[in-house]
Amino acid sequence: LQVVLLGIDIISALVSRLQDRFKAQIGTVLPSLLDRLGDSKDSVREQDQTLLLKIMEQAANPQYVWDRMLGGFKHKNFRTREGICLCLIATLNASGAQSLTLSKIVPHICNLLGDPNSQVRDAAINSLVEIYRHVGERVRADLSKKGLPQSRLNVIFTKFDEVQKSGNMV
């Protein structure tokens with residue numbers, strides 16, 4: 001545990017030091033960072049996500065990083081698949097929807113709606129709700145065209161309606 005956290009701290013220090021010059025190293029560190037999103041320890045997953053957001057803030061734009069993270073949606077570890085959804089929610093809240101090409105990401109989330117693991121399915125729904133919170137009705141129209149089962153769409157659309165009524169739209 002301490003070794004992993006120290007490694008994350010070291011990479012974080014490098015990002016702070018190199019800023020956009022760290023961009024060249026992103027491809028090298030991302031596979032390991034994606035694996036750590038699935039770590040059994042909460043503290044590692046949280047630190048890892050913080051580092052990913054820091055990379056998006058200081059080294060490269062969020063879309064550049066996300067283009068290289070899409071494989072995480074198909075990761076063998078369910079915690080990584082869940083973690084990538086949580087990371088998307090954090091990215092949206094840190095950088096806004098305009099920082100990402102969501103049309104590239106949404107199909108991956110739709111695939112996770114049928115994941116064997118319930119935590120992953122829940123995280124996928126929550127990330128769609130977060131996208132809806134940022135983007136609005138376009139998301140509902142887009143999802144209707146994805147060929148998802150009506151029962152699943154009903155669950156998601158009910159959550160969209162709840163967000164809209166709550167007044168928490170961005």
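Guide: A salt bridge is a side-chain nitrogen of Lys or Arg within 4 Å of a carboxyl oxygen of Asp or Glu. Please keep in mind that the structure above is a predicted model.

Visitor: How many salt bridges does the structure hold?

Guide: The structure holds eight salt bridges. One of them joins the side chains of Lys 146 and Asp 142, with an N to O distance of 3.5 Å. That distance is within the 4 Å limit, so the pair counts as a salt bridge.

Visitor: Is Lys 146 buried, exposed or partly exposed?

Guide: Lys 146 is partly exposed, with a relative accessible area of 34%.

Visitor: Which residues are linked with Glu 137 in a network of salt bridges?

Guide: Glu 137 is linked with Arg 140 and Asp 161 in such a network. Between Glu 137 and Arg 140, the N to O distance is 2.8 Å. Glu 137 is partly exposed, with a relative accessible area of 40%, whereas Arg 140 counts as buried, at 17%.

Visitor: New topic: how many disulfides are there?

Guide: A search of the whole structure finds zero disulfides. For Cys 87, the nearest cysteine sulfur is that of Cys 85, at 10 Å. A disulfide needs two cysteine sulfur atoms within 2.5 Å, so Cys 87 is in none.

Visitor: How far is the nearest cysteine sulfur from Cys 110?

Guide: The nearest cysteine sulfur to Cys 110 is again that of Cys 85, 11 Å away, and Cys 110 is in no disulfide. Cys 110 counts as buried, at 7% relative accessibility. Cys 87 is buried as well, with a relative accessible area of 0%.

Visitor: Now for pockets. What volume does the largest pocket have?

Guide: The volume of the largest pocket is about 150 Å³. Residues lining this pocket include Leu 37, Asp 42, Arg 45, Arg 79 and Leu 86. Two elements, α3 (42-58) and α5 (78-95), each give two or more residues to the lining.

Visitor: Where is Gln 19?

Guide: Gln 19 is found in the loop between α1 (2-18) and α2 (26-36).

Visitor: What is its phi?

Guide: Phi of Gln 19 is near 50°, a positive value in a residue other than glycine. Most residues other than glycine have a negative phi. Gln 19 is partly exposed, at a relative accessible area of 34%.

Visitor: Finally, where is His 134?

Guide: His 134 lies in helix α7, which covers residues 118-135. At 16% relative accessibility, His 134 counts as buried. The C-alpha atoms of His 134 and Leu 5 are 32 Å apart, and 129 residues separate the two along the chain.

Note on methods. Residues numbered from 1 in each chain as written. Predicted model: local features only at pLDDT ≥ 70, side-chain atom pairs only at ≥ 80, totals over all residues. Heavy atoms only, no water. Helix = DSSP H or I, 4+ residues; strand = E, 2+ residues; numbered from the N terminus. Buried < 20%, exposed > 50% of the residue type's maximum accessible area, 1.4 Å probe, protein only. 1 Å grid on protein atoms, 1.4 Å probe; cavity = no way out; pocket = protein on both sides within 12 Å on 5 of 7 lines; lining within 4 Å. Points joined across faces, edges and corners; volume = space filled by probe spheres on them.
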